[in-house]
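Dear colleague,

I am handing over the structure below, together with some notes on what was found in it. Please look through the model first and then read on.

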Amino acid sequence: MANHKSSLKRIRQDKKKAEHNHYYAKTMRNAVRKLRAMTNKEEAAALYPKVQKMLDKLAKTNIIHKNKAANLKSSLCNHINSLG
């Protein structure tokens, strides 16, 4: 257990930040899962910009790595192009 006021505060802040990051990462995973499950090309193409924006924002705030965001965007784009 921490002994200093500042370290107790840091623990509280870290817990709050981790909760916040977990929420947005989970929301992103659900959006990616939803897009991958789509079989209609027009619907998937309409949803893609929203998911792309979400990935870029999370990469910018270091919730996910920038290369992970790029890889996800690329694979989603390939998925949309493969739909018939």
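Asn62 is placed in the loop between helix 2 and helix 3, and Asn62 has a positive phi of about 60 degrees although it is not a glycine.

Before going further, please keep in mind that this is a predicted model, in which local features need pLDDT of at least 70 and side-chain atom pairs count only at pLDDT 80 or more, while totals for chains, interfaces and linings use all residues. Residues are numbered from 1 along each chain as its sequence is written, and side-chain values use heavy atoms, with hydrogens and water left out.

As for the overall build, the secondary structure comes to three helices and zero strands, and the pattern along the sequence is α-α-α; helices (H or I, at least four residues) and strands (E, at least two) are DSSP runs, numbered from the N terminus. The C-alpha trace spans about 60 × 20 × 15 Å along its principal axes. The radius of gyration, taken over C-alpha atoms, is 17 Å, whereas a compact globule of 84 residues would have one near 12 Å, by the rule of 2.2 Å times the number of residues to the power 0.38. Of the 84 residues, 25% count as buried.

Helix 1 covers residues 5–37, and its 33 residues reach 48 Å from the first C-alpha to the last, close to the 48 Å expected at 1.5 Å a residue, where the expected span is 1.5 Å times one less than the number of residues. The buried residues of helix 1 are Ala25, Met28, Ala31, Val32 and Leu35, and what covers them includes helix 2 (41–60) and helix 3 (66–82).

In helix 3, the buried residues are Ala69, Leu72, Lys73, Leu76, His79 and Ile80. Seen down the axis of helix 3, these buried residues fall within an arc of 125 degrees, so they line one face of the helix; the arc is that of the directions from the helix axis to the C-beta atoms. On the other side of helix 3, Asn71, Asn81 and Ser82 are exposed, while the cover over the buried residues of helix 3 includes helix 1 and helix 2.

Where do the buried nonpolar residues gather? The largest nonpolar core has 18 residues, and those with the most contacts inside it are Met28, Leu35, Val51, Leu55, Ile64 and Leu76; such a core is a set of buried Ala, Val, Leu, Ile, Met, Phe, Trp, Tyr and Cys residues joined through side-chain atoms within 4.5 Å. The elements that give two or more residues to this core are helix 1, helix 2 and helix 3, and the largest share, seven residues, comes from helix 2.

Two residues show how these parts meet, where contact means heavy atoms within 4.5 Å. Leaving aside neighbours within four places in sequence, Leu55 is in contact with Met28, Ile64, Ala69, Leu72, Lys73 and Leu76. Lys73, in helix 3, counts as buried at 19% relative accessibility, and, with neighbours within four places again set aside, Lys73 is in contact with Tyr48, Gln52, Leu55 and Asp56.

With best wishes

Technical notes. Buried means under 20% relative accessible area, exposed over 50%, partly exposed in between (1.4 Å probe, protein chains only).
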